[in-house]
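Student: I have a model open and would like to learn how to read its features one by one. Could you walk me through them?

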Amino acid sequence: MSSSFKKIKAILYKDMISELRTREVTFSVLVFSLLVIVIFNFAFGVDRPTMEAVAPGVLWVAFAFAGVLALNRTFIPEKENGCLDGILSCPVSREDIFLGKMLSSLVFMLVVEAITLPVFAVLFNLPVLSLQIIVVTVLSTIGFVAVGTLFSALAVNTRAREMVLPILFLPVAVPVIISAVKASEIALAGGGWGDISSWVLIIVAFDAVFVTVPYLVFNYVVEE
């Protein structure tokens, strides 16, 4: 277990260093998510009832499509630089590669969300920095990136990989996105933990299934 943890940590560290040098994924994804909420903010004006009605959807549209942009780059740099075969040839289990890649995507997404949420709170003047929204965001992002990492590995060997990923990935991610939107809507309306608990349980169940299944099948996904 200790050896496996070190290998996962090494993959995570490699991706972090690579991203810190280029800032390619984080910067583009952050700009996209901020643009989405700014455009929607201007589109819906200052009508507060309208703002409250559309805010959860706007927030998760921004996160979902920004996530697709980020997940598209999960394996593409290694593929373009001819490093993917090298990683797969390393004495690292495919399951550890999956967890390392999933964790690096999770960190990127959480950083983008941590910056986007305060901007969203200012522009929409809504309490999105509440503990309920933060917990829903973190739990939903875990399931989102777990599924996305698996389909990113599937799509990377196709010619139109940047189009293939959202086609494969978004239909599977629909349950967690809908649950996140509904839980966020209730939380923004002043609901308590008891009111959002059923949606949170769906998100937790989604996370459990879609972290476990990709972990178990990743070895077959990356086989030539």
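**Reading the model**

Tutor: Helices here are DSSP runs of H or I with at least four residues, while strands are runs of E with at least two, both numbered from the N terminus. Keep in mind that this is a predicted model, in which local features need pLDDT of at least 70 and side-chain atom pairs count only at pLDDT 80 or more, whereas totals for chains, interfaces and linings use all residues. Residues are numbered from 1 along each chain as its sequence is written, and side-chain values use heavy atoms, with hydrogens and water left out.

Student: What span should the 31 residues of α6 have, and how far apart are its end C-alpha atoms?

Tutor: The expected span is 1.5 Å times one less than the number of residues. For α6 that rule gives 45 Å, and the end C-alpha atoms lie 43 Å apart, so the two agree.

Student: How many salt bridges are there?

Tutor: Side chains of opposite charge can pair when their charged atoms come close. The rule asks for a side-chain nitrogen of Lys or Arg within 4 Å of a carboxyl oxygen of Asp or Glu, and the count comes to three. Lys14 pairs with Asp15, with the closest N and O atoms 2.6 Å apart. Asp15 also meets Lys101, at 3.2 Å from N to O.

Student: Is Asp15 buried or exposed?

Tutor: We call a residue buried under 20% relative accessible area, exposed over 50%, and partly exposed in between (1.4 Å probe, protein chains only). Asp15 is buried at 9%, and Lys101 is buried at 3%. Lys14 is partly exposed at 34%.

Student: Which residue forms a salt bridge with Lys182?

Tutor: An α-helix has 3.6 residues a turn, so residues three or four places apart point the same way. Lys182 bridges to Glu185, with the closest N and O atoms 3.3 Å apart. Because they are three residues apart in helix α8 (residues 161-188), about one helical turn separates them. Lys182 is partly exposed at 31%, and Glu185 is partly exposed at 35%. Shared partners, in turn, join Lys14, Asp15 and Lys101 into one network.

Student: What is the volume of the largest pocket?

Tutor: On a 1 Å grid over the protein atoms alone, a pocket is an open set of points with protein on both sides within 12 Å along at least five of seven lines, while a cavity is a set where a 1.4 Å probe fits but cannot get out; lining residues have an atom within 4 Å of a point. Points are joined across faces, edges and corners, and a volume is the space filled by probe spheres set on them. The largest pocket has about 380 Å³. It has 20 lining residues, and the closest to its centre are Asp15, Ser18, Arg73, Pro77 and Glu78. α1 gives the most to this lining, with five residues.

Student: And how many cavities of 30 Å³ or more does the structure hold?

Tutor: There are three. The largest cavity contains about 80 Å³ of space, and its lining includes Trp60, Met109, Phe144 and Val176. Helices α3 (48-72), α6, α7 (131-155) and α8 each supply at least two residues of that lining.
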